[in-house]
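Please walk me through this structure.

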Amino acid sequence: MADTTARTLRLLELLQSSQLRTVAELADRFDVDDRTVRRDVARLGALGVPVETLRGRYGGYRLATGQRVLPIMFSSAEVVAVFLGLSREQAASSEPEIAAQTALAKIKRALPTADAKRIDTVLEAIAPSPESGGVSVDPGVMLSLADAVDRRAVLDLRYLDSAGIASRRTIHPYGVIAHSDKWYLLALDTDQQEERTFRVDRIRSVRSTSDTFAAPQKSDPKQRLVDRFVEADYRWQIVLHIRSSEDQIRSHLPASVARLERSQYARQRPQDSASAWHRAEIHAQSLDWLPAVIAALGCEVVIERPEELRSEVSAAARRLFASAEFRFDVNPRSE
């Protein structure tokens, strides 16, 4: 690293990121001799940065603590992490804090133009959601994905699925979406020639290639992600007819769980104008959670299919009835 100023700033960054840096390590990183490293350390001291020298076999340099606030330098990935954390917290809060808003503004103003544009790319490529933030992701992976979405760059992906099976994929990334406390990547798997959904926290590495792809002529990625959840090939395909308002139904069966439309069942039964029948189609791996949802809806619900769901609901109803009938005697009589 020939430029003295650039090398000195990089030296400060390295000292900030570790408890101790040896002379040999720094000389090797910068491809300079030991004397040049010592001159750079002295240059930091002249600028008011308190650098301590530890002598001996395991000696080196470290920043002194508790003396003054040091200038902080973020890598692009670190800036992404800060932005994602603060932005998600602000989006989820009903009363965003002024301190967080100020911090976001300061970070953005302090960025070089190139890095600021990269951050804008990330924030535009990632679909915002107040639900996001439950599962942490590697900010470096997130930055690479967002850049690839923006540039339509083909990616080489190493992925670990829910069963712990590792695989390597070549993909066309369409969008990075936050949904229900998790981040998802919507992409075309080129080997399978099929659109797939990947959990971002399960991506182990990502490498951008020199190839690009044409943008798909489809709806927005967030809506396609919701559609994929609804249409997932699970064990059970459930159809319910529910007499209630759409808002009430959606409070228990969100768009990612059920496909909702006006029901033809209304033609078979009289109804008042205050409520309408809706047909809910649900794909699920199990049925045991549905009796509680049906009870929570608090309205008329007719099960069209499957028959096994009727058995689940009947069993749940018997348990509830037994609980209601049982009376606990806190003062049993002694014989």
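This is a predicted model: local features need pLDDT of at least 70, side-chain atom pairs count only at pLDDT 80 or more; totals for chains, interfaces and linings use all residues.

Residues are numbered from 1 along each chain as its sequence is written, and side-chain values use heavy atoms, with hydrogens and water left out.

Start with confidence. pLDDT is the predictor's confidence in each residue, from 0 to 100. The chain has a mean pLDDT of 79, and 75% of its residues reach 70 or more. Residues 129–133 fall below 50, yet this stretch has 13 contacts in the model beyond near neighbours in sequence. A contact means heavy atoms within 4.5 Å.

Now the overall make-up. The chain contains eleven helices and twelve strands. Both are DSSP runs, numbered from the N terminus: helices are H or I with at least four residues, strands are E with at least two. Of the 335 residues, 37% count as buried. Buried means under 20% relative accessible area, exposed means over 50%, and partly exposed lies in between (1.4 Å probe, protein chains only). Among contacts with a separation of 6 or more, 62% come from residues 24 or more positions apart.

Several H7 residues are buried, including Val-141, Met-142, Leu-145, Asp-147 and Val-149. Arg-152 follows the helix, and its phi is positive, near 55°.

In soluble globular proteins, nonpolar side chains tend to be buried together. The largest core here has 20 residues, and Leu-145, Val-176, Leu-185 and Val-200 touch the most other members. At least two residues each come from H7, strand S4 (153–160), strand S5 (166–179), strand S6 (182–189) and strand S8 (203–212). H7 gives the largest share, five residues. Look at Leu-145: setting aside residues up to four places away in sequence, Leu-145 touches Leu-155, Val-176, Leu-185, Val-200, Ile-203 and Val-206. A second, separate core has 18 residues, among them Ile-282, Ala-284, Leu-287 and Leu-297.

Next comes the open sheet. Four strands form it in the order S10-S11-S9-S12, with antiparallel pairing. Two strands pair if DSSP finds at least two bridges between them. At the edges are S10 (258–262) and S12 (300–305), each pairing on one side only. Neighbouring strands are turned by 25° against each other on average, direction ignored. Helix H11 (residues 307–325) packs on this sheet, where H11 touches S9 and S12. The direction of H11 makes about 140° with that of S12. Axes are lines fitted to C-alpha atoms, for helices over the stretch in contact, and angles run from 0 to 180 degrees between N-to-C directions.

Inside the sheet, eight bridges join S9 (residues 236–243) to S11 (residues 277–284). Ile-238 stands opposite Ile-282, and Gln-237 stands opposite His-283. Five bridges join S10 to S11, with Leu-260 opposite Ala-280. S11 is mostly covered: seven of its eight residues are buried.

His-172 sits in strand S5. Is His-172 buried or exposed? His-172 is buried, because its relative accessible area is 18%. Leaving aside neighbours within four places in sequence, its contacts are Val-154, Leu-186, Ala-187, Leu-188, Thr-190 and Phe-213.

Arg-224 lies in helix H8. With a relative accessible area of 8%, Arg-224 counts as buried. Its C-alpha atom is separated by 9.9 Å from that of Thr-197, 27 residues apart along the chain.

Ala-215 belongs to the loop between S8 and helix H8 (221–230). Ala-215 counts as partly exposed because its relative accessible area is 36%. Ala-215 and Arg-151 are 64 residues apart in sequence, but 9.9 Å apart in space, C-alpha to C-alpha.

Methods:
A nonpolar core is a set of buried Ala, Val, Leu, Ile, Met, Phe, Trp, Tyr and Cys residues joined through side-chain atoms within 4.5 Å.
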